[in-house]
Amino acid sequence: MPDSGYPWPIETTRLDNGLRVVVSEDRTAPAVAVNLWYDVGSRHEPTGQTGFAHLFEHLMFEGSVNVAKTEHMKLVQGSGGSLNATTNPDRTNYFETVPAEHLELALWLEADRMGGLVPALTQETLDNQRDVVKNERRQRYENVPYGDAWLRLLPLLYPPGHPYHHATIGSMADLNAADLATFQAFHQTYYAPNNAVLTVAGDAPAAEVFALADKYFGAIPPREDIPSAPDGRTVPATGRPAVETVTGDVPAPRVYVAHRTHPFGSPGYDVVTVLATVLGSGRGSRLYQRLADGERIAQPDLVGAYGVDLAHAPAPMIATATARPGVSGERLAAGLAEVVDELATVPVTAAELDRAKSLLSTMWWRQMSTVEGRADTLGRYTTQFGDPAKAAERLPAWLAVTAEQIAEAAAEVLAAADRVTLTYLPEEKP
């Protein structure tokens with residue numbers, strides 16, 4: 001197995017309207033993945049419009065000029081394909097994988113909803129999808145134990161006015177207050193060809209994809225005045241930890257320890273990625289060995305650490321543990337903080353480093369093993385770094401990280417003085 005590089009061809013073009021098109025041909029199976037990244041996420045949302053990017057993830061499936069409501073899904077699935085969409089603070093993406101002979105259908109569908117959603121958007125559709133988002137908020141965040149952790153961590157990590165201060169689910173008050181014209185204006189502002197990257201990976205030659213992209217997307221006019229997202233690269237250090245304790249209907253104490261680190265794609269974040277793997281990935285990690293297997297204060301399946309791959313601000317690294325029966329939240333928080341602190345003072349061993357790099361290599365090649373994974377990765381690197389070929393840099397960067405760099409990064413970005421600690425405690429039952 002190769003340990004670096006990107007072993008598939010990459011060809012690119014840009015249409016006259018600004019749409020960037022990326023093609024990675026792979027003839028091993030008669031399937032293609034179509035992935036469209038729009039450079040709009042919750043970090044772009046103006047004051048009073050939180051949750052708009054995520055709501056459009058739903059609205060984009062609700063019909064366009066030439067495609068009736070729900071027909072997009074029916075056409076893709078009826079052709080033997082699969083599809084979905086996701087939103088995060090940095091972007092919104094829409095994707096489908098179809099048999100190669102249905103590539104033209106997938107591109108037509110995506111072009112129709114890029115250029116033809118606004119005329120088809122009705123008040124009824126908007127109200128219906130607002131209700132869907134409200135229900136999603138209840139199901140994912142409000143009515144499950146620990147479900148609102150991300151909603152609480154973001155305001156603790158990023159101050160008011162920062163583009164990452166709020167989660168993609170947004171404010172229900174903002175969604176309710178906006179009228180149809182406001183939503184139409186949001187789509188016309190951000191869902192433009194010069195604010196998007198179209199990636200196709202799989203059984204299709206670049207010349208064919210470029211011609212089809214021009215055929216279906218080429219007539220969509222660009223938007224000349226797309227507003228830039230607020231600058232979130234600098235977060236003033238407070239010099240004091242942020243602490244929040246929540247008492248609620250949870251089965252056991254749980255603690256989250258979070259730190260701002262470096263933006264995704266930077267050398268510093270590459271080190272943090274390896275650091276987080278050493279700290280909290282699997283049974284060989286420090287958190288598992290110390291808290292679950294050693295001191296036995298954390299539940300084995302509920303301990304870990306991970307980075308959140310945000311590209312335009314100091315991205316968070318989060319470590320978490322859930323207490324075993326009889327263990328207090330205070331004891332768990334102290335144990336979790338102790339293991340995190342020791343990354344700066346207890347050197348990472350060669351075995352720990354090799355294990356972390358093996359896990360990351362497996363993760364990388366699993367992503368690269370499918371046309372869906374490759375299309376998404378190339379779309380990301382084109383959107384966020386301007387060059388799909390930069391994807392080839394990620395794995396070699398992880399593999400080059402040293403134990404000394406991990407210790408230096410821990411001392412720099414995991415200081416207790418700038419730490420966020422969120423603790424959940426079970427409410428006492430009468």
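## Close-up views of loops, a buried histidine and salt bridges

**View 1. T70 sits in the loop between α1 (52-59) and α2.** Helices here are DSSP runs of H or I with at least four residues, strands are DSSP runs of E with at least two, and both are numbered from the N terminus. What you're looking at is a predicted model, in which local features need pLDDT of at least 70 and side-chain atom pairs count only at pLDDT 80 or more, while totals for chains, interfaces and linings use all residues. Residues are numbered from 1 along each chain as its sequence is written, and side-chain values use heavy atoms, with hydrogens and water left out. The backbone of T70 is worth a look: its phi is near 70°, a positive value in a residue other than glycine. At 34% relative accessibility, T70 counts as partly exposed (buried means under 20% relative accessible area, exposed over 50%, and partly exposed in between, using a 1.4 Å probe and protein chains only).

**View 2. R296 is another non-glycine residue with a positive phi, here near 55°.** You'll find R296 in the loop between α10 and β9 (298-307). Its relative accessible area is 48%, so R296 goes down as partly exposed.

**View 3. L15 occupies the loop between β1 (11-14) and β2 (20-25).** Is L15 buried or exposed? With a relative accessible area of 9%, L15 is buried. Setting aside neighbours within four places in sequence, L15 is in contact with V21, A213, D214, F217 and G218 (contact means heavy atoms within 4.5 Å). For orientation against View 1, L15 and T70 are 55 residues apart in sequence, and their C-alpha atoms are 29 Å apart in space.

**View 4. H54, in helix α1, pairs up with H58 through a side-chain to side-chain polar contact of 3.4 Å.** A polar contact is a pair of N or O atoms within 3.5 Å; within protein, one atom must be able to donate a hydrogen and the other to accept it, and residues adjacent in sequence count only if both atoms are side-chain atoms. Beyond its neighbours within four places in sequence, H54 is in contact with E45, T87, V133, E136, T168 and I169.

**View 5. K74 and E71 form a salt bridge, with their closest N and O atoms 4.0 Å apart.** That label calls for a side-chain nitrogen of Lys or Arg within 4 Å of a carboxyl oxygen of Asp or Glu. Why are K74 and E71 separated by about one helical turn? Because they are three residues apart in helix α2 (residues 71-78). K74 counts as exposed at 52% relative accessibility, whereas E71, at 27%, is partly exposed.

**View 6. R286 and E352 form a salt bridge, with their closest N and O atoms 2.8 Å apart.** This pair links distant parts of the chain: R286 belongs to helix α10 (residues 286-294) and E352 to helix α12 (residues 350-368), 66 residues apart. Both ends are tucked away: R286 is buried at 10% relative accessibility, and E352 is buried at 16%.

**View 7. D148 and R152 form a salt bridge, with their closest N and O atoms 2.9 Å apart.** R152 is partly exposed, at 27% relative accessibility.

**View 8. R290, E295, E338 and E342 are linked in a network of salt bridges.** In general, side chains of opposite charge can pair when their charged atoms come close. How many salt bridges does the structure hold? It holds 25.
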